[in-house]
Amino acid sequence: MSNRWKYALAWLSILALVAVASAVVVLPVWLIQPFASQTQRGLTMSFYFRSWSPILTIATSVVCFALAVYIWINSRRWFGKAALFVPIAFILLFSWFARQNHFEWMFNPLASKSFVAASEANFVADNEMVLSVVINGDAVAFPVRQMAYHHVVQDVVGGMPITATY
C-alpha cells in the first residue's frame with residue numbers, strides 16, 4: 001500500500017472516529033426525545049449508549065491522536081496539518097459531553113415551585129391526571145402535565161422530605 005493510500009486511510013479513519021464519538025453521545029439524547037413518547041427499548045438503548053460513551057470516546061480520542069500524529073509526520077503541507085485541529089476539536093468536545101449528565105439538562109427540576117390548596121388549584125382540570133402522595137395524613141398532588149417536562153420535584157409531605165419523579 002502506498003503512502004498516499006495510508007494517508008487517505010488515516011484521514012478516513014479519523015472521520016469515522018468522529019462519527020462514532022458523535023453517535024454515542026447524540027444517540028442517547030435523540031432516543032430519549034423529551035417531548036415525544038418514549039419506549040422501553042429506546043430508554044434501554046439510551047442508557048446503554050450513555051453508560052458506554054465515556055469509555056468509547058476516550059478510545060476514539062486515543063486512536064484519533066495516534067492517527068493525527070501519523071498524518072502530522074507524513075504531511076508535507078501546512079494545511080494538511082492545520083486541518084487536523086478540526087476533528088480533534090470535535091473528538092474532545094464529544095469526549096467532554098460524554099461525561100456530562102445531559103439528561104439532567106433536558107429534564108431540569110422545577111426551579112420555583114408553589115403549592116395551593118386543592119380548592120384553589122384552578123390551573124388543574126378535573127379530568128387531568130396527577131401524581132399523589134399521602135404521608136401521615138398530609139396529601140399533595142403534582143400535575144402530570146408539569147411533571148412530564150420537569151420529571152422531578154422535591155417537597156416535604158407529612159414532615160418527611162420526598163422526591164417525586166415521573
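**Entry 1: a strand residue**

I began with V156, which lies in strand β3. The model is a predicted one, so I treat each value here as computed from that model.

I asked which residues V156 is in contact with, leaving aside its neighbours within four places in sequence. The contacts are D138 and P161. I then looked up how V156 and D138 are spaced. They are 18 residues apart in sequence, and their C-alpha atoms are 9.6 Å apart in space.

**Entry 2: the largest pocket**

Next I looked up the pockets. The largest pocket holds about 510 Å³ of space.

Its lining consists of 22 residues. Nearest the centre of the largest pocket lie F115, F123, A141, F142 and P143.

I asked which elements each supply at least two residues of this lining. They are β2 (138-143), α6 (144-150) and β3 (152-157). Strand β2 gives the most to the lining of the largest pocket, with 5 residues.

I sorted the lining of the largest pocket by class and got 18 nonpolar, 3 polar and 1 charged residues.

**Entry 3: the second largest pocket**

The second largest pocket has a volume of about 360 Å³. I wrote down its lining residues: N3, R4, Y7, Y70, N74, S75, R76, R77, F79 and G80.

Helices α1, α2 (40-74) and α3 (78-82) each supply at least two residues of the lining of this pocket. The largest share comes from α1, with 3 residues.

How does the lining of the second largest pocket divide by class? I found 3 nonpolar, 4 polar and 3 charged residues.

**Entry 4: α1 against α2**

I went on to the helices that lie against one another, starting with α1 and α2. Their axes come within 8 Å and cross at roughly 160°. That angle makes α1 roughly antiparallel to α2, because angles over 145 degrees count as roughly antiparallel. The crossing of α1 and α2 is left-handed.

By class, the contact of α1 with α2 has 23 nonpolar, 8 polar and 2 charged residues.

**Entry 5: α1 against α4**

Helix α1 (residues 3-32) also packs with helix α4 (residues 85-97), at an angle of about 25° and with the axes 9 Å apart. That makes α1 roughly parallel to α4, because angles under 35 degrees count as roughly parallel. The crossing of α1 and α4 is left-handed.

Which residues of α1 and α4 meet? On the α1 side I listed W11, I14, L17, V18, A21, S22, V25 and V26. On the α4 side I listed P87, F90, I91, F94 and F97. The residues of this contact divide into 12 nonpolar, 1 polar and no charged.

**Entry 6: α2 against α4**

The last pair I looked up was α2 and α4. Their axes come within 10 Å and cross at roughly 165°. That makes α2 roughly antiparallel to α4, because the cut-off for roughly antiparallel is over 145 degrees. The crossing of α2 and α4 is left-handed.

In α2, the residues T57, I58, T60, S61, C64, F65, A68 and W72 meet F85, I88, I91, L92, F94 and S95 in α4. The residues of the contact of α2 with α4 divide into 10 nonpolar, 4 polar and no charged.

I compared the lists for α4. I91 and F94 are among the α4 residues that meet α1, and I91 and F94 are also among those that meet α2.

Note on methods
Residues are numbered from 1 along each chain as its sequence is written. This is a predicted model: local features need pLDDT of at least 70, side-chain atom pairs count only at pLDDT 80 or more; totals for chains, interfaces and linings use all residues. Side-chain values use heavy atoms; hydrogens and water are left out. Axes are lines fitted to C-alpha atoms, for helices over the stretch in contact, and angles run from 0 to 180 degrees between N-to-C directions. Helices (H or I, at least four residues) and strands (E, at least two) are DSSP runs, numbered from the N terminus. Angles under 35 degrees count as roughly parallel, over 145 as roughly antiparallel, 65 to 115 as roughly perpendicular and the rest as oblique. A crossing is left-handed if the near helix is turned anticlockwise from the far one by less than a right angle, and right-handed if clockwise. Contact means heavy atoms within 4.5 Å. Ala, Val, Leu, Ile, Met, Phe, Trp, Tyr, Cys and Pro count as nonpolar, Asp, Glu, Lys and Arg as charged, and the others, Gly among them, as polar. On a 1 Å grid over the protein atoms alone, a cavity is a set of points where a 1.4 Å probe fits but cannot get out, and a pocket is an open set with protein on both sides within 12 Å along at least five of seven lines; lining residues have an atom within 4 Å of a point. Grid points are joined across faces, edges and corners, and a volume is the space filled by probe spheres set on the points.
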